[in-house]
Amino acid sequence: MSRKALITVILVLMMSLMAALPAMAAEKINLNVNGESSVALEVYGQNGVGMISAADFVRLAGADLTWDSDTKFTINENGDIMALVVGQKEASLNGEPITLPAAPVVTAGQAYVPLRFVAETFGYEVKWDEKQQLVLMNREETRDGLTPLEIVAKSGAATQEINTYSMNGNIKLAINAVADGANATPGQVNMDVQLKGQIQNDPLQVYTQQIIPASEETGMPEMAVETYMTTEKMYVKMPGQDWVAQDIPFNPEFWQQQMDIQSNPIKAAQQMKEMGMFMSFGNDVTIGEQDYYAVNATLDMEKFNESMPDLMQQMVQGLGGQPSDDQNSGQAQLLQQMLEGMEMEYHYTVLINKETLITDVIKLDARIKMDMEMPQTEETAEQQGPKVLKLDMHMVGDLNITDPGVPFNAPDVSDAKAKTESE
């Protein structure tokens, strides 16, 4: 597969989508935080001490992790600063010496710290259930009387009310790809993707433009991919091509249901929990003169997979047509394989304006691995695309939400060709 073809496939997949355990002899420990199981946060026991990665703990607690050198790092939450050194039990808390039950260690590029000691230092009540091999952690945490989940849900409802907004930002993308068993890239390909667009909630319209600057590493010229979506159609404009249209793979009732959920904070919070999103407060942020709530979110992939059958049923039901319809059944098959063949580590932080409750900034950190057999029909079998595609993508970046209430400016797609005509 050529680099240009590979990047095209990846961009389409990105538009469709919008910490391994340490390698040592260790005992797996389950974790329950504030009454919710958290399999996305992995804990192991060594010599009687539960250890958790420092990166996972700060996401859980909403703290900041800073490395001062290759071996020295600090955990900072609401002004309390714990300074630690890899390989040493001696540490400090707000400048005062403390002794850890076990020294921090680094394995597979991750620093691990003693869970109970660090968690209790930052206000958690920690209990151990020997029978279930389960750590129980609890901490009451609110801002202005609201939990992290409640604030995020209210932010979603506030966004629904303004109806339109713009977004812009940059995503650093690192990609490794294998097509039909052969490396499709000579190594890791790194790209800086500039993203901009506009969203209207009611009636739903979404326009995005993804721009990849010219790169000596990939040998690629600048590329721009545009997408425009309504409740009925998805339009895609690849570099040097015309707009191509296809039916959206969800019915209007599905979209209306999702909009109703997002406009209702209670329903939205429940859906986020069911989908496996675990949320915690980060340190409050002030930018200029504006104060923000910071909320960290981590996707629990196991819970996500548990909720996927119901979601898939709703999606596939929205495809319409008969099961023998090649285009519709192909879309359903591709969507299902993308979800079932996907492993994901998904984290983000949102900065929510304390005055308007609108999310102004989204900080994304996600790693997605996909192992897919591409659907084959009589038409696609004659093409040169891969039959089996494996992708490993790591995305890190910031998105800024701007221009609330500005009228939506839809692109001209009046001359768009039907997808079947362009294949």
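## Briefing: an enclosed helix and an aspartate on a strand

Seven of the eight residues of helix H2 (residues 54-61) are buried, so the rest of the structure largely encloses this helix. The model is predicted. Its average pLDDT is 79.

**Helix H2**
- The buried residues of H2 are Ala54, Ala55, Asp56, Phe57, Val58, Leu60 and Ala61.

**Aspartate 192**
- Strand E16, which spans residues 189-200, contains aspartate 192.
- Aspartate 192 has a relative accessible area of 40%. Buried means under 20% and exposed means over 50%, so aspartate 192 counts as partly exposed.
- Lysine 172 lies 20 residues from aspartate 192 in sequence, yet their C-alpha atoms are 4.6 Å apart in space.
- A polar contact of 3.2 Å links the side chains of aspartate 192 and lysine 172.
- Leaving aside residues up to four places away in sequence, aspartate 192 touches Ile171, Lys172, Ile211, Ile212 and Pro213.

**Confidence**
- Across the protein, 72% of the residues reach a pLDDT of at least 70.
- Residues 15-26 stay under 50 in pLDDT. The model gives this stretch 28 contacts beyond four places in sequence.
- Residues 318-325 also stay under 50 in pLDDT. For this stretch the model has 10 contacts beyond four places in sequence.

Notes. Residues are numbered from 1 along each chain as its sequence is written. This is a predicted model: local features need pLDDT of at least 70, side-chain atom pairs count only at pLDDT 80 or more; totals for chains, interfaces and linings use all residues. Side-chain values use heavy atoms; hydrogens and water are left out. Helices (H or I, at least four residues) and strands (E, at least two) are DSSP runs, numbered from the N terminus. Buried means under 20% relative accessible area, exposed over 50%, partly exposed in between (1.4 Å probe, protein chains only). Contact means heavy atoms within 4.5 Å. A polar contact is a pair of N or O atoms within 3.5 Å; within protein, one must be able to donate a hydrogen and the other to accept it, and residues adjacent in sequence count only if both atoms are side-chain atoms. pLDDT is the predictor's confidence in each residue, from 0 to 100.
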